[in-house]
Amino acid sequence: MNNQDVPPKTAIFAWMTLPYKRFADFSGRSSRREFWFYSLFLTLQYFLAMAITIGAIAAIDRTGNEASAGPGVLLVFLPVLAVFLANFVPGLALTWRRFQDFGAPGWLAIICVFAVFLLSLLAWIAYMVVMSLPPQQGENAYGPPVYGENLGDIFS
């Protein structure tokens with residue numbers, strides 16, 4: 001991503017959706033701003049999916065019909081599964097580019113994904129700490145910094 005493609009700092013929704021525009025781009029670098037706004041957007045998506053799921057479970061529970069609670073119960077988890085599947089590749093690509101932003105090889109993102117699935121909470125906390133690391137100063141093997149220079153704020 002060159003500096004012309006960087007959204008303005010005040011365009012929050014553009015930052016939230018930028019990983020979808022770059023979903024298959026595993027080259028270059030991504031800023032902490034892109035990561036944190038995408039994480040906020042992802043959290044909002046999961047809250048909405050969980051609200052739909054809880055509403056569906058409550059509707060099934062109100063019917064009191066044991067027959068409707070069989071395989072249909074699995075269908076109520078489709079919104080959460082849809083959010084996960086729709087965000088897996090863009091999130092992986094974003095994590096890959098964040099690793100490259102602070103000078104680490106992007107393939108470490110694959111190990112990070114497996115660690116989050118296997119170790120859950122501890123790995124998730126470690127993932128958030130690693131994604132918060134500042135970018136490497138100047139150009140590295142993966143390209144120039146996203147903003148040209150390190151801006152020094154938490155979302156740079």
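Me: Where does D5 lie?
Reply: D5 lies in the segment before α1, which covers residues 12-21. Bear in mind that this is a predicted model.

Me: Is D5 buried, partly exposed or exposed?
Reply: Partly exposed, because its relative accessibility is 46%.

Me: How far is D5 from V146, C-alpha to C-alpha?
Reply: 9.5 Å. The two are 141 residues apart along the chain.

Me: And where does V146 lie?
Reply: V146 is in the segment after α6.

Me: Buried or exposed, that V146?
Reply: Buried, since its relative accessibility is 5%. The cut-off for buried is under 20%.

Me: What about V146 and R32, how far apart are they?
Reply: Their C-alpha atoms are separated by 9.8 Å. Along the chain, V146 and R32 are 114 residues apart.

Me: Let's zoom out. How many helices and strands are in the chain?
Reply: Six helices and zero strands. Read along the sequence, the pattern is α-α-α-α-α-α.

Me: What share of the chain is buried?
Reply: Buried residues make up 35% of the 156 residues.

Me: What share of the contacts join residues at least 24 apart?
Reply: 70%, counted among contacts between residues at least 6 apart in sequence.

Me: Now the helix packing. At what angle do α4 and α5 pack?
Reply: About 130 degrees, with the axes 8 Å apart. Helix α4 spans residues 78-101, and helix α5 spans 108-119. That angle makes α4 oblique to α5.

Me: Is the crossing of α4 and α5 left-handed or right-handed?
Reply: The crossing is right-handed.

Me: Which residues make the contact?
Reply: From α4 come F84, F88, L92, T95, W96 and F99. From α5 come L108, A109, I110, C112, V113 and F117.

Me: How do those residues divide into nonpolar, polar and charged?
Reply: Eleven are nonpolar, one is polar and none is charged.

Me: How far is W96 from L108?
Reply: 7.4 Å, C-alpha to C-alpha. In sequence, W96 and L108 are twelve residues apart.

Me: Which residues does F117 contact?
Reply: F84 and F88, once neighbours within four places in sequence are left aside. F117 belongs to helix α5, and both F84 and F88 belong to the α4 side of the contact.

Me: On to α6. How do α5 and α6 cross?
Reply: At roughly 145 degrees, with axes that come within 6 Å. Helix α6 runs over residues 121-131.

Me: Which residues make that contact?
Reply: On α5, C112, A115, V116 and L119. On α6, L121, L122, A123, W124 and Y127. The division is nine nonpolar, no polar and no charged.

Me: What lies in the loop between α5 and α6?
Reply: S120 lies there. Its phi is positive, about 55 degrees, although S120 is not a glycine. Most residues other than glycine have a negative phi.

Me: Is S120 buried or partly exposed?
Reply: Partly exposed, with a relative accessible area of 44%.

Me: Last pair. How do α4 and α6 cross?
Reply: At roughly 55 degrees, and their axes come within 10 Å. The two helices are therefore oblique to each other.

Me: Which residues make the contact there?
Reply: T95, R98 and F99 of α4, with Y127, V130 and M131 of α6.

Me: How many of those are nonpolar, polar and charged?
Reply: Four nonpolar, one polar and one charged. For comparison, the contact of α4 with α5 has no charged residues, and the contact of α5 with α6 has no charged residues either.

Definitions and conventions: Residues numbered from 1 in each chain as written. Predicted model: local features only at pLDDT ≥ 70, side-chain atom pairs only at ≥ 80, totals over all residues. Heavy atoms only, no water. Axes fitted to C-alpha atoms, helices over the stretch in contact; angles between N-to-C directions. Helix = DSSP H or I, 4+ residues; strand = E, 2+ residues; numbered from the N terminus. Parallel < 35°, antiparallel > 145°, perpendicular 65-115°, else oblique. Left-handed = near helix turned anticlockwise from the far one by under 90°. Contact = heavy atoms within 4.5 Å. Nonpolar A, V, L, I, M, F, W, Y, C, P; charged D, E, K, R; others polar. Buried < 20%, exposed > 50% of the residue type's maximum accessible area, 1.4 Å probe, protein only.
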